[in-house]
Amino acid sequence: MKKINTLLVLLVLIVSSCKKEQQIPKETALFSRSNSKLTSSRPLNPGDPNLDATWDWTQHSWTAYFNNANGSVGSVTTLNPFIDGAQKVYGNVDVSKADMYPANGWMLVSRDFGTPTEANAYPFLLLYNKHRGILRVCVLRTYDVQSSYQQITLGYATNTTYPKFFLYSSTKPPYAWTVEYPANPVNTQSSEYKQTAVTFAGVQQWMIADFDVNGYSATFDENTSFNIGVSEVTQSDVVLNGNIQLDGTAQPQAAGGPSALGIIKNAESFYAKTAEGVAKVLKIPETDAAGRIAGGGALFLKSILGLITGFSGGESAVPYNIKLKGTINQTGSIKLTSPKTSFSVYLKPLTGSVAYRAVQNIPWGVFYLETANAVVEEVTHYTWVTDEYGYPGEVYDGFSRSVKFNPNFFANSLVINPAIANDVASVEAWGANTGVDFVPVSVFDQAERSIWAAKNEYPLQLGVKITFNNGNIVYKLFSF
C-alpha cells in the first residue's frame, strides 16, 4: 500500500524530470574560479605607492594593475568614472560639477591599484565624505563574466567592537507596529547588519556604491574594519512544461502529524487537473471537488493540500484510491550569485600593518542623537456604552500618543563629531509644534515641546537637518 509520502516522492521525481523549454545559462569558467591564482588582497609594504595619502583621484584617468587568472599582472587605463558620461555613474559629465572633490568633503581612505609587478584581482578605491557620512566604494570589474548585474555589500568584519556608523543607515528594518503602539527599532551594531548596492558596470568599468556610515561613535576599537564583498549575479528566465500522473492508495493517518503546509512548500506556481476520487477522499460533493481543482494557477496546490488534509484526519482505516493526471507549467526566473572578491579595510591607519587600512586619519561619522532623552507618553481611550440590560461599561477605543522634549533637549542629546563641528553652518529641527518650517535647535531648546498623534495615528516624527559651510546637508527623520 502506498502512503501519501510515497506519492510526494513520486511528485518530486516527476517535477524534476520536466522538460525545460529555455536552458539556464551555464556559468563560464571565469564565473567560478575557486581553483585559480586570483587573490582578493595583498600586503601593502612600506613604500607601496598605494599608501600615498596625497594621491589625486580627481585626475582625468586612472591606471590600475590587476592579477590575471594565470597569475600574470595586467593593466588598464580608464576614464575617471565620475566624469565618464558613458558610464553614467552619477550623470556628472561636467568636470567642474563632479561629486568627488576635497572641497566638497571627500577624503581618500584606502586603495589598491596594484603595481607593475604585483596586484590583486580587483583594484579598488575607497573615498569618504566627512560632511555627509558617505563611504564610496569603487571596484574595477576586470573580467568578462556572464552576469546581469553586480552586487556590493558593506558590513563589519569580525571584530571586538561595532561602532554606531550604521545606526542611521538603511540596514534598519521597517518600523514594526505592534497592537499597543509603534515601535522604534534599534539598529543593533553587529556583523549581521549589512548594506547592499546594485551596479551595472561593464567590463573594465568601475562598480561604484555609496554607503551610509554617518552615525558617530566617540571611540572605537583600532581593529575595527569594514568588510566589502562583490558578487556577480546572473538572472535567467525559465519555463518548465511536463505531465503528472499518480496512481495509488492512501491510508488515513493519525492526527497530529506534519501539517500540509509543512509537507508541501512553494507549490503555488504548479498546475494540475483532476476530479477523480477527490470528492470521496475529502467527503465533499463532487461539484465542490471539481471547483477546487479546476481552473487557475493554484489548482495543483489546492488539490494536493486538500488530499493531504483528508489523509490526516485521524479517522478509521478506510483506504482511498487516488488518481491524479494533468499538466504542470511553471514560469519564473532563477538567480545565480557568484562571489567575486571580499576584502577588509581597517578604519585606522595602524602604522606598521601591511593589511588594507586607512592611509590617513578619517573623522568617521557625522552625529549621534540620544533619542531616549525624549519622553514618550500614551493615553488609553475608553468609550462608555450601555449593554442590553441598561448597565454602563467601558469599551477599549484605542490610544493617543505624544513625545515630550524637555528644555535643552538637543543640548543634552545631540553630539556632532568634534573633528567637523567647525564646518557646521546650522543645525535645525522640525516636528515639535514648529509648523512647516525648520527652527534652529537653540530656539527649539528654549521651552518644552511636544509632538502628538490623534487616536491610533502614528508614527510621531522629528526631523533634524545639519547644514555645512560648503553646502552639504545631512537630514534625518526620527520616529517614536
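The legends below accompany several close-up views of one predicted model.

The model is predicted, so that local features need pLDDT of at least 70 and side-chain atom pairs count only at pLDDT 80 or more, while totals for chains, interfaces and linings use all residues. Residues are numbered from 1 along each chain as its sequence is written, and side-chain values use heavy atoms, with hydrogens and water left out.

**View 1. The chain as a whole has seven helices and 20 strands.** Helices (H or I, at least four residues) and strands (E, at least two) are DSSP runs, numbered from the N terminus. Of the 480 residues in the chain, 45% are buried, where buried means under 20% relative accessible area with a 1.4 Å probe, counting protein chains only. Among the contacts (heavy atoms within 4.5 Å) with a separation of 6 or more, 73% are between residues 24 or more positions apart.

**View 2. Strand S5, residues 124–129, is largely enclosed by the rest of the structure, because six of its six residues are buried.** Phe124, Leu126 and Tyr128 point one way from S5, whereas Leu125, Leu127 and Asn129 point the other way, and all are buried.

**View 3. S5 runs antiparallel to strand S4 and also antiparallel to strand S6.** Two strands pair if DSSP finds at least two bridges between them; six bridges join S4 (residues 106–112) to S5, and six join S5 to S6 (residues 134–141). Trp106 stands opposite Asn129 in S5, while the bridge partner of Leu126 in S6 is Val137. The hairpin of S5 and S6 has four residues between the strands, and in this hairpin Gly133 takes a positive phi near 70°.

**View 4. The largest nonpolar core has 57 residues.** A nonpolar core is a set of buried Ala, Val, Leu, Ile, Met, Phe, Trp, Tyr and Cys residues joined through side-chain atoms within 4.5 Å. The residues with the most contacts inside this core are Trp57, Leu125, Leu135, Phe165, Phe226 and Trp364. Several strands each supply at least two residues of the core, including S4, S5 and S6, and the largest share, six residues, comes from S6. Apart from this core lies another, of 31 residues, among them Tyr368, Phe409, Phe410 and Val424.

**View 5. Strand S16, residues 424–430, runs antiparallel to strand S19 and also antiparallel to strand S17.** Six bridges join S16 to S19 (residues 461–468), and in S19 the bridge partner of Val427 is Ile466. Two bridges join S16 to S17 (residues 439–440), where the bridge partner of Ala429 is Val439.

Key
Buried < 20%, exposed > 50% of the residue type's maximum accessible area, 1.4 Å probe, protein only.
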